[in-house]
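Subject: Handing over the structure

Dear colleague,

Please find the structure below, followed by my notes on what was found in it.

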Amino acid sequence: MTDTTGLAARSANAMLRAPPPRQFFMTFRDIGLWIKSARADAAVSRRSAELDNAQAFEALYRAEADPYGAADPRYRYQARKYAMLLSFLPARPYRHVLELGCGVGTFSRALALHAESVTGIDIAASAVQHATALSKSHLNLSFRPGDVHTFDSDGQQYDLIVVADVLYYAVPSGDEPALAAIARRVAASLVPGGLVLLADHYFFGFGAASRGTCAIHDVFRQTAGLQMQSQHRRCFYLTTLLQRSK
Ligand SMILES: C[S@@+](CC[C@H](N)C(=O)[O-])C[C@H]1O[C@@H](n2cnc3c(N)ncnc32)[C@H](O)[C@@H]1O
């Protein structure tokens, strides 16, 4: 698979970490992860008939601590994905990092190895509790409840903001004004030259999920003050890295 811009390739020797070794993208066991994730998504959409987004995710995490298997070592796909995301980030000092929609904080913990401080925000208070419990040994990591639409950066400007597999839950399909408002809020929470990394599921352009992901990433690309640095397609996700103007 190739990058859609040459920028990442040109700076490949200055990335935060090397990409994980080339292997088949998932193991037989990872099929269990896909079934688990599909069940979690089905539970959220069932509950969404009666509950709002926050309540639906809260009910999900109350029923099961790690409904997407993000911290479950039996599954390799998710760990490889997080390692790949790190490999798309340039090697530079990261003082403050924010992960929006952090779930149980698995990627926040990976980021904490490369930053002075990492904050994870999730709409589900129970996810925040699980993330906190799993992160006791990470002194530079904290979690709090919050909504990607309204999160308060507490006066903090971030060197990096990560939004992975969140926006297609948080914003109804086709609501570009809501996405644009989130993109502006994210851009305003970055230091000049700060980065935003988006990752969302992508099935090589086929189906509504891929089109939804492209629409999300396009809105960020069209946001004033954000410039795209690189874009990568992998099995089964698309990442876009953007930088706030200096
Ligand atoms: C599939 S999980 C992804 C978790 C994490 N980003 C990862 O990649 O492992 C989606 C997460 O988005 C959170 N979420 C959904 N809507 C949200 C919103 N409006 N604001 C913040 N978080 C939200 C859910 O609670 C859930 O933890």
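**A buried loop residue**

V171 counts as buried because it has 23 C-beta neighbours inside 10 Å; a residue is called buried if 20 or more other C-beta atoms lie within 10 Å of its own, exposed if 12 or fewer, and partly exposed in between, with the C-beta atoms placed from the backbone. Please keep in mind that this is a predicted model, in which local features need pLDDT of at least 70 and side-chain atom pairs count only at pLDDT 80 or more, while totals for chains, interfaces and linings use all residues. Residues are numbered from 1 along each chain as its sequence is written.

V171 is placed in the loop between α7 and α8 (176-188), where helices (H or I, at least four residues) and strands (E, at least two) are DSSP runs numbered from the N terminus. If residues up to four places away in sequence are not counted, V171 touches A178 and L179; two residues are in contact if their C-beta atoms, placed from the backbone, lie within 7 Å. The C-alpha atoms of V171 and G103, which are 68 residues apart along the chain, are separated by 17 Å.

**The chain as a whole**

The chain contains 9 helices and 7 strands, and its C-alpha atoms fill a box of roughly 45 × 45 × 40 Å, taken along the principal axes. Its radius of gyration is 17 Å, which agrees with the value near 18 Å that a compact globule of 246 residues would have; this radius is taken over C-alpha atoms, and the globule rule is 2.2 Å times the number of residues to the power 0.38. Buried residues make up 39% of the 246 residues. Of the contacts between residues at least 6 apart in sequence, 67% join residues at least 24 apart.

**Strands and their pairing**

Strand β2 (residues 115-122) pairs with strand β3 (residues 141-145) in the parallel sense over 5 bridges, two strands being paired if DSSP finds at least two bridges between them. Within this pair, V118 has L141 in β3 as its bridge partner. Together with helix α6 (residues 125-134), β2 and β3 make a right-handed β-α-β unit; right-handed here says that, with the strands pointing away from the viewer, the path from the first strand over the helix to the second runs clockwise.

Strand β6 (residues 226-234) and β7, by contrast, pair in the antiparallel sense over 8 bridges, and a hairpin joins β6 to β7 through 1 residue. In this pair Q231 stands opposite T240 in β7.

**Around the ligand**

Which residues come nearest to the ligand? Of the 22 residues around the ligand, these are F57, G101, G103, I123 and A170, a residue being near if its C-beta atom, placed from the backbone, lies within 6 Å. The elements that give two or more residues to this shell are α3 (53-63), α5 (106-112) and α7 (167-170). By class, the shell has 14 nonpolar, 5 polar and 3 charged residues, where Ala, Val, Leu, Ile, Met, Phe, Trp, Tyr, Cys and Pro count as nonpolar, Asp, Glu, Lys and Arg as charged, and the others, Gly among them, as polar.

In α3, the residues A56, F57, E58, L60 and Y61 are buried, and what covers the buried residues of α3 includes α2 and α6.

**Backbone details and the chain end**

Most residues other than glycine have a negative phi, and most peptide bonds are trans. Against that background, D154, in the loop between β3 and β4, has a positive phi near 55°, and D154 counts as exposed with 8 C-beta neighbours inside 10 Å. D165, in the loop between β4 and α7, also has a positive phi near 55°, but D165 counts as partly exposed with 19 such neighbours inside 10 Å. The peptide bond from C235 to F236 is cis, with omega near -5°, and F236 is found in strand β7.

Finally, K246 lies in the segment after β7 and counts as exposed, with 8 C-beta neighbours inside 10 Å. Leaving aside neighbours within four places in sequence, K246 is in contact with P192 and G193; K246 and P192 are 54 residues apart in sequence, yet 4.4 Å apart in space, C-alpha to C-alpha.
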